[in-house]
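Please read this briefing alongside the sequence and the structure.

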Amino acid sequence: MAFDTIIRGGTIATASDTFTCDIGITGGRIAALGDNLGAAAEIVDATGKLVLPGGIDSHVHIAQPSGPGIVMADDFASATRSAAFGGNTMVLPFAMQQKGESLRQVVTSYHAKAEGHCYVDVSFHLIIADATDAVLGQELPALVEDGYTSFKVFMTYEGLALSDLEMLNVMSVARETGALVMIHAENYDAIRFLTDKLERAGKTAPHFHATSRPIPVEREATHRAISLSELVDVPIMIVHVSNGEAMEEIRRAQQRGLKVYGETCPQYLVLTEKDLEGLNMEGAKYVCSPPPRDKASQQACWQGLQQGVFSLFSSDHCPFKYDDPQGKLAPKGRTSFRWVPNGIPGVETRLPILFSEGVGKGRISLNEFVALTATNHARTYGLYPKKGTIAVGADADIAIWDPDKEQTISQSLMHGGSDYTPYEGIKVKGWPVSTMVRGKFVVRDGKLVGAEGGGAYVTRAKSEFAKPRGAAHV
Ligand code: URP
Ligand code: ZN
Ligand code: ZN
């Protein structure tokens, strides 16, 4: 049998095993794993390289409306190009509802933004901002059946925050439909209280963003989200966890047998609150929510990854330009941290940072790296085993890594739409050099060879983790 492509000579790692063999690819799928597979139209020599499942980044924001005068730095072309250079073969952005919008129309409009523009595969989560009877009773259940099997809700942000009652109603629909609820856990009223106080005291520089959302704000909301999900008996994913106190809430819930899952991100491993203290408004480059914390919080997030409290490592890529009238400092004249758009770029740097700081420094194994960055994302969001692993029958979504390549992260290396990286100057060892989506190279030896529109939309099954325990309180 002749294959379209054989990848030969590399060290393959999955979430469970590390081995050496040929990978035979036909029709965009892995057709065989074995020694001396024979002939192919193309043989790719991966000697000395690692051959890993392509990264799946299940938490990215692309082309979302972000407030008056502010425009996100990435469209679907630039974000997915950047993702490919960062060793990713799939991203899961959000289709975000705004108040008054029909969910179905929101989904249609995000498809129109993405269609024909993606370099890697994509699938949408929903964001529920307006939990009306029509949304809860009709639109959401129908969309879950159509493959939009996960959605995010916010406990903070003007225009997005849901009340506890709304959260319970949304969770209840998730339980009935088998969808997975992702939760942004920060206490909105506490943030408003602290923000007003800081502003009255003239404390408006970017670093006060972190002061306005301290750890208790996140810990309390995490605890509350867990309690609400326990009442309804619905599995939840607490996203972008930044510190040990919130992590311990999740661990306690898991120890009590609740289906509570956790995600953390690079900013909580390698940035701190101090980064927000840049000269003038430079600190705005690091404004994201929850904010980066301190060294002890970084340590706790590493423990969360090592001990399985966090099953996902995502970027929360949410890029704005810095030096741009529609970016971090817009709109003009509003200099308080309150107006700085929340979010930082990171889809291209997520994997090198975890590989270097995690695998390279002995904090996690290579197999744990694959689980945290690809396989667990596929399992959590209804994509496994088509995505997220190297196995016969799976899509040939593969990243080839040079484990010895040393790079200093710099904006000049990036391929997205932002004009800065918050990880500037960080030295890493290990770099994805080639990325293949469904058997076709998108990035090859550091060069873009894929076509805009080569990425496809992927409809998802229900999450294997979203089954209730059968212990609702009513
Ligand atoms: O600051 C952040 N994280 N922005 C992105 C939106 C979100 O809350 O995930
Ligand atoms: Zn969030
Ligand atoms: Zn986010």
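Two strands count as paired if DSSP finds at least two bridges between them. Helices (H or I, at least four residues) and strands (E, at least two) are DSSP runs, numbered from the N terminus. This is a predicted model, in which local features need pLDDT of at least 70, side-chain atom pairs count only at pLDDT 80 or more, and totals for chains, interfaces and linings use all residues. Residues are numbered from 1 along each chain as its sequence is written, chains are lettered from A and ligands numbered from 1 in the order in which they are written, and side-chain values use heavy atoms, with hydrogens and water left out.

**Sheet and helix**

- Seven strands form an open sheet with mixed pairing, in the order E3-E2-E7-E17-E18-E19-E20.
- At the edges are strand E3 (18-20) and strand E20 (447-448), each of which pairs on one side only.
- Two bridges join strand E19 (residues 440-444) to E20 in the antiparallel sense, and Val443 is opposite Leu448 in E20.
- Helix H12 (residues 366-380) lies across strand E2 (11-13), E3, strand E7 (50-53) and strand E17 (398-408). The helix runs at about 35 degrees to E7; axes are lines fitted to C-alpha atoms, for helices over the stretch in contact (heavy atoms within 4.5 Å), and angles run from 0 to 180 degrees between N-to-C directions.

**Zinc site**

- Lys152 (NZ), His184 (ND1) and His240 (NE2) coordinate the zinc ion (ligand 2) at 2.1 to 2.2 Å. Donors are N, O and S atoms within 2.8 Å of the metal (3.2 Å for Na, K and Ca); water is not among the atoms, so sites may look incomplete.
- Along the chain, the donors of this zinc ion (ligand 2) have the spacing K-x31-H-x55-H.
- Distant parts of the chain are linked here: Lys152 belongs to strand E12 (residues 150-154), while His240 is in the loop between strand E14 (236-238) and helix H8 (244-255), 88 residues apart.
- Lys152 counts as buried because its relative accessibility is 1%, and His240 likewise counts as buried at 1%. Buried means under 20% relative accessible area, exposed over 50%, and partly exposed in between (1.4 Å probe, protein chains only).
- A distance of 3.8 Å separates the zinc ion (ligand 2) from the zinc ion (ligand 3).

**Ligand 1**

- Asp316 places a polar side-chain atom 2.7 Å from a nitrogen atom of ligand 1. A polar contact is a pair of N or O atoms within 3.5 Å; within protein, one must be able to donate a hydrogen and the other to accept it, and residues adjacent in sequence count only if both atoms are side-chain atoms.
- A polar backbone atom of Asn342 is 3.2 Å from a nitrogen atom of ligand 1, and a backbone N or O atom of Gly343 is 3.3 Å from an oxygen atom of the ligand.

**Backbone geometry**

- Most residues other than glycine have a negative phi, and most peptide bonds are trans.
- The Ser289 to Pro290 peptide bond is cis, with omega near -10 degrees; Pro290 is in the loop between helix H9 (267-270) and helix H10 (295-306).
- The Tyr384 to Pro385 peptide bond is cis, with omega near 10 degrees, and Pro385 is in the loop between H12 and E17.
- Asp233, which is not a glycine, has a positive phi of about 60 degrees. Asp233 is in the loop between helix H7 (215-232) and E14, and counts as buried at 4% relative accessibility.
- Asp316 has a positive phi, near 50 degrees. This residue is in the loop between strand E16 (310-313) and helix H11 (350-360), and Asp316 is buried, with a relative accessible area of 8%.
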